[in-house]
Number of protein chains: 2
Amino acid sequence: MSSRADAADMPVDGETRTPDRLRRTSRLLSLMSAQSDRLINEGLARADARKWHYAVLASLLEYGPGSQATLSRRTGIYRSDMVGVLNELSERDLVERAPDPDDRRRNVITITEQGRRQLRRLDTVLDELHDELLAPLLPAERDQFVRLLTRLLDHHAQQA
Amino acid sequence: MSSRADAADMPVDGETRTPDRLRRTSRLLSLMSAQSDRLINEGLARADARKWHYAVLASLLEYGPGSQATLSRRTGIYRSDMVGVLNELSERDLVERAPDPDDRRRNVITITEQGRRQLRRLDTVLDELHDELLAPLLPAERDQFVRLLTRLLDHHAQQA
DNA sequence: GGCAGGTCGTTAGTTGGACTAACGCAACGG
DNA sequence: CCGTTGCGTTAGTCCAACTAACGACCTGCC
């Protein structure tokens, strides 16, 4: 009857084994995201950076200078948290914060040459980290994974 | 040259568009996990439950009664947090907490009939929520997604 | 001109989840 | 008997996501 051995009432391993019901997709996602976060955060910390640094620098390079509120919208970082991120970036001379002459409420944030260099460094750091993150998957599988993830995200994004 | 229209220096949409570099897998994972968490937490809240409730009840049903430390190991919930979860569960009469006669350090946690019923309810709630979560994917794609996720997790789990 | 209503940067604070430290107690192994 | 280990519990840290409110400022409209 039982496919594995004859010990019908064996405790299986009531100590450490994870229950089957805890294999739901939501939980896998959460665990994987935590794992990924750890990996990325540690990797970036070694390069004296945080993921928000990357997000802001990338946004500045791709779309040019902008106000803090603009950067907020582009990166998804709350404008209340943006203050601290920009402090950290300007301490390191990666961006410049200057008052906007056309609108005295605004600061104009500009990426510096050092910022560009740092962004390039972080790009390679992140490439390596993602290679580690996706290590067990073949290139085609990685693509597939990203495609599926993207479709899920797009679907839920436009609900909002 | 430029494939789309002739506006070479158009601001594209420097206000709200997300930079390409922020399409990295780690970020997609993080966003998707956040989305999933919101969905699941809200759904469970409507059923007067939290995900740890489900984890504990599932563990009890699949592997039988156990001490708090055992449940901790099975579910991945820290034993410091387990206290509160079990308080919530026993308030609702979903589990029973009794001293272990064989080891006076331990409490033996047992699922009640009400607990079993609640677990069944939560199972269907979670089924519906996951259907919503994975809505844009076909069944075969959902399988594939879960398989890829699982392989990633297994790989990183056994590194630890 | 003046005022209503919105936006900007900033400070402060909340919530929630993951995780650590340390405690008193009890069991176990030599 | 004594050191070590495991137990349940309390307290508290850390970080990310998110909200509230403020004074300064801009914009549109009467």
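This is a predicted model: local features need pLDDT of at least 70, side-chain atom pairs count only at pLDDT 80 or more; totals for chains, interfaces and linings use all residues.
Residues are numbered from 1 along each chain as its sequence is written, and chains are lettered from A and ligands numbered from 1 in the order in which they are written.

**View 1. The surface near DNA strand D.** At least two residues each come from α4 of chain A and from α3 (68-75) and α4 of chain B. Helices are DSSP runs of H or I with at least four residues, strands are runs of E with at least two, and both are numbered from the N terminus. α4(B) gives the most, three residues. By type, the surface has three nonpolar, five polar and seven charged residues. Nonpolar covers Ala, Val, Leu, Ile, Met, Phe, Trp, Tyr, Cys and Pro; charged covers Asp, Glu, Lys and Arg; the others, Gly among them, are polar.

**View 2. The surface near DNA strand C.** Two or more residues each are given by α3 (68-75) and α4 (79-91) of chain A and by α4 (79-91) of chain B. The largest share, three residues, belongs to α4(A). Three residues are nonpolar, six polar and seven charged.

**View 3. The buried face of α3(A).** Thr70(A), Leu71(A), Arg74(A) and Thr75(A) are buried. Seen down the helix axis, the buried residues of α3(A) fall within an arc of 120°, so they line one face. The arc is that of the directions from the helix axis to the C-beta atoms. Their cover includes α2 (51-63), α4 and β2 (107-111) of chain A. Just after the helix, Gly76(A) takes a positive phi of about 85°.

**View 4. Tyr63(B) in α2.** Tyr63(B) sits in helix α2 (residues 51-63) of chain B. Tyr63(B) counts as buried because it has 20 C-beta neighbours inside 10 Å. A residue is buried with 20 or more other C-beta atoms within 10 Å of its own, exposed with 12 or fewer, and partly exposed in between; C-beta atoms are placed from the backbone.

Methods. Two residues are in contact if their C-beta atoms, placed from the backbone, lie within 7 Å.
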